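Subject: The structure we talked about

Hi,

Here is the structure I promised to pass on.

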Amino acid sequence: MDATQQRVISGLLWFVLTTLHFGYARNGPNYYGKLIGSLQEYAHGIKGKVYAVDDATIFIKGFCYDGTGPDAYFWVGNTSQPNPDGYIVPYPETDKDSDPRVLEAYNYTDIILRLPGGKRIRDIKWLSVWCRRFTVDFGDVFIPSDLKVPKLQVLPEFSRLAHGLRSGNISILDSKTIYIPNLHYDGGGPDAYFWVGNGSEPSRFGIKVPNEQDKLVPLRAYQGEDIEIVLPGNLTVYDINWLAVWCVEYRHNFGHVLIPKDLDVPPALGQTKITPPWWYNPTSSTPTPKVNNCKEMLNGRVQVQWQLKGDDVQIRLSGRIKDDQYVAFGLSGVDGKSEMIGGDVAVIGYNKRIGKFFADDYYMSSLSQCDGIRGVCPDERIGGRNDVVFLHGERKNGITTVTYTRPMRTNEPEKDRMIPERETSVIAAIGLLNSRGEANAHEASDKTTEDIRIDFTSRNVHDCTNSLYNIPDEPDIEPWTPAVIVDKNIFNARIGPTGSKKGYTRITGTPSWGIAWYINGLLIPEITVERGKTYTFIVEGGNDSSNRARYHPFYITDSSEGGLGQNSERETDEKVFAGVGRDSQGYLFPTAAGRYCEWTRTTVDNPDNYKTFKSFFETLELKCDEGEPAKLIWTVEEDTPDLVYYQCFTHKHLGWKIHVVDFGSQRSINGISQVLLAFTTFMVSIITLLFLR
């Protein structure tokens with residue numbers, strides 16, 4: 001069975017699982033729990049059907065009330081009839097130190113009520129809409145004495161088959177939410193996902209389930225973490241027979257748990273989730289920011305709002321950015337100044353590939369591109385954990401806003417900084433997302449340079465002018481004219497700056513991370529070579545593999561991205577033409593890594609101020625380490641494609657195009673060009689003579 005057939009079968013299976021319900025009423029879209037009854041109307045237009053969601057939660061479908069009672073609340077008690085001896089069930093929910101709100105008008109509104117103070121449905125006999133001032137019952141419903149409320153189902157732990165997978169007893173919290181405590185997994189599966197399906201045991205006919213961050217990506221390592229996962233689409237636990245950790249590529253089961261058929265779990269109405277976050281207004285259909293603190297950075301282009309909630313800081317980060325950009329914000333690498341290296345930041349934005357907003361935990365060991373070991377890296381990519389929890393994202397009027405939480409304290413001191421309970425230095429940056437949807441190292445003009453300090457435990461800090469909403473979008477900038485090299489046999493390859501917004505990014509249409517290849521003193525020129533001829537590249541991109549930011553082996557490939565050293569051989573079908581070999585164990589290694597030479601700036605002004613690359617190049621000087629250059633000698637084979645690329649083995653997006661033509665084509669082109677030039681010169685001379693007469 002080929003990949004296309006597998007995708008078709010998976011698609012059909014998805015359709016069946018998410019649209020058919022196999023006769024179970026409990027898993028349908030109208031499953032709200034155990035029906036208690038309808039509210040009886042005595043006054044003020046009370047209506048609504050009442051359900052027991054779980055032992056402490058009540059759901060009212062289509063609640064109506066005209067809102068004119070002066071002191072009305074949801075009211076419960078255990079007497080034979082509603083009376084003043086009951087107590088309030090707050091709605092909307094409030095902090096424990098806040099007074100309950102008097103009921104407003106509702107018109108067929110769905111209501112979730114959580115009984116306060118550890119009370120359970122078994123402790124009450126009725127629910128009423130009650131006016132305390134006049135001791136009047138506007139409407140009520142009585143709880144049957146034999147009511148059996150849905151409850152969570154505790155299952156066994158994962159079976160332990162591979163990759164150190166184990167867990168505590170797994171619980172089904174509601175019809176879509178599964179709680180996995182004390183999860184351990186070594187992260188070694190190349191294509192492992194949470195996986196559900198039907199049958200007596202896991203098989204390839206299953207469906208991927210997003211991880212606890214609602215991301216559909218291969219599973220990372222877990223070290224005793226408690227997580228919740230939510231079944232996708234219309235899928236519920238009544239549709240599946242098992243949950244597994246499954247390697248899709250190799251069709252291997254690392255461990256699973258069976259789902260019983262006789263479930264009676266609560267409906268998925270959101271009641272099993274953490275209490276709604278501080279930015280959510282439950283009386284509104286859309287999330288609304290409610291924060292006490294605000295600060296602006298990067299000349300008003302970035303706005304951060306925050307509030308301390310228990311052991312977490314909840315942050316609402318907004319930036320005037322484009323769809324292919326990100327905003328980074330977090331703790332400076334050094335307290336007392338703006339230092340990117342060592343910084344612990346959250347990166348937020350919108351990932352166009354998967355159509356979702358995101359918030360990810362990053363650590364910056366250096367300002368280089370992340371190579372899987374060092375650089376500006378997501379914690380998960382370098383063996384850490386994403387301690388940033390995404391809550392909500394939106395984009396309006398050119399402004400991207402993402403709300404997330406991060407803990408004050410973490411258990412990863414080597415990658416995460418603790419947030420002190422005092423003022424501390426923070427940093428912010430704006431940059432481009434790369435092809436992986438990750439942050440590239442940013443240009444100097446897009447990061448904070450001054451020491452900005454925030455006390456995350458503070459209240460009522462208002463340093464925002466809302467200039468974020470008044471800044472005009474940046475105008476498009478014309479790129480420098482792309483450089484071209486033809487009819488050369490020897491090339492010098494060195495490192496240099498990308499030229500901000502007029503250079504690499506605008507020429508190639510792809511993100512850069514601040515440096516790129518300079519060939520014969522030109523920024524990423526397009527090179528033309530001939531089949532059958534031999535070319536020499538003198539490479540000075542760095543040979544110290546312990547310093548990844550200055551280690552750029554040169555190679556020639558069919559990949560427009562490069563960075564072969566970052567990929568496993570399973571991840572790529574990239575074809576290499578020169579600059580890469582294999583060791584005795586069959587592993588790829590670069591063969592062209594000479595001393596480090598870099599064109600560096602002699603001024604600190606913005607490269608965008610220069611109209612041409614030539615004028616910009618005059619501000620550069622060449623600095624080289626001691627040592628010898630490397631040589632890459634390439635004889636262009638007859639079957640070489642018409643377009644290949646020179647790239648960096650360690651990092652992505654440093655190089656550009658090599659055009660491959662047949663032997664003799666350049667001489668023919670050059671000959672024609674010379675004839676045309678001579679003819680043009682001759683005609684200009686004739687016209688000039690005629691004009692002078």
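How many helices and how many strands does the secondary structure of the protein chain come to? The count is four helices and 44 strands. Keep in mind as you read that this is a predicted model.

**The chain as a whole**

The protein chain has 693 residues, and buried ones make up 49% of them. I also looked at contacts between residues at least 6 apart in sequence: 66% of these join residues at least 24 apart.

**Two of the sheets**

Let's begin with an open sheet of five strands. Its order is β2-β9-β8-β5-β6, and the pairing is antiparallel. Which strands stand at the edges? They are β2 (40-41) and β6 (87-89); each has a single partner strand, so one side of each is left without a neighbour in the sheet. For β6 you can follow the pairing in detail: strand β5 (residues 72-77) pairs with β6 in the antiparallel sense over three bridges.

Two bridges join β10 to strand β11 (residues 171-172), in the antiparallel sense. Gln153 has Ile172 as its bridge partner in β11.

**A strand with parallel partners**

Now go to strand β34 (residues 526-530). Why can we call β34 largely enclosed by the rest of the structure? The reason is that four of its five residues are buried. Strand β30 (residues 484-485) pairs with β34 in the parallel sense, over two bridges. In that pairing, Ile485 has Ile527 of β34 as its bridge partner. β34 also runs parallel to strand β44 (residues 657-661), and four bridges join them. One of the bridge partners to look for there is Val661 in β44, which goes with Glu530.

**The disulfides**

A quick reminder before this part: a disulfide is a covalent bond between the sulfur atoms of two cysteines. The structure holds two of them.

One is formed by Cys370 and Cys377, with their sulfur atoms 2.1 Å apart. The torsion about this S-S bond is about 105°, so the disulfide is right-handed. Are these cysteines buried or exposed? Cys370 is buried, with a relative accessible area of 5%, and Cys377 is buried too, at 0%.

The other is formed by Cys597 and Cys624, whose sulfur atoms lie 2.0 Å apart. This disulfide is right-handed as well, because the torsion about its S-S bond is about 120°. The pair links distant parts of the chain: Cys597 sits in strand β40 (residues 597-601) and Cys624 in strand β41 (residues 620-624), 27 residues apart. Cys597 is buried at 0% relative accessibility, whereas Cys624 is partly exposed at 34%.

Two further cysteines are worth a click. Cys131 is buried at 1% relative accessibility, and Cys648 is buried at 0%.

**The empty space inside**

Rolling a probe the size of a water molecule over the atoms shows where empty space is left. How many cavities of 30 Å³ or more does the structure hold? There are four. By residue type, the lining of the largest cavity divides into ten nonpolar, two polar and five charged.

Over to you now. Happy exploring!

Cheers

Note on methods: Residues are numbered from 1 along each chain as its sequence is written. This is a predicted model: local features need pLDDT of at least 70, side-chain atom pairs count only at pLDDT 80 or more; totals for chains, interfaces and linings use all residues. Side-chain values use heavy atoms; hydrogens and water are left out. On a 1 Å grid over the protein atoms alone, a cavity is a set of points where a 1.4 Å probe fits but cannot get out, and a pocket is an open set with protein on both sides within 12 Å along at least five of seven lines; lining residues have an atom within 4 Å of a point. Grid points are joined across faces, edges and corners, and a volume is the space filled by probe spheres set on the points. Ala, Val, Leu, Ile, Met, Phe, Trp, Tyr, Cys and Pro count as nonpolar, Asp, Glu, Lys and Arg as charged, and the others, Gly among them, as polar. A disulfide is a pair of cysteine sulfur atoms within 2.5 Å. Buried means under 20% relative accessible area, exposed over 50%, partly exposed in between (1.4 Å probe, protein chains only). Two strands pair if DSSP finds at least two bridges between them. Contact means heavy atoms within 4.5 Å.
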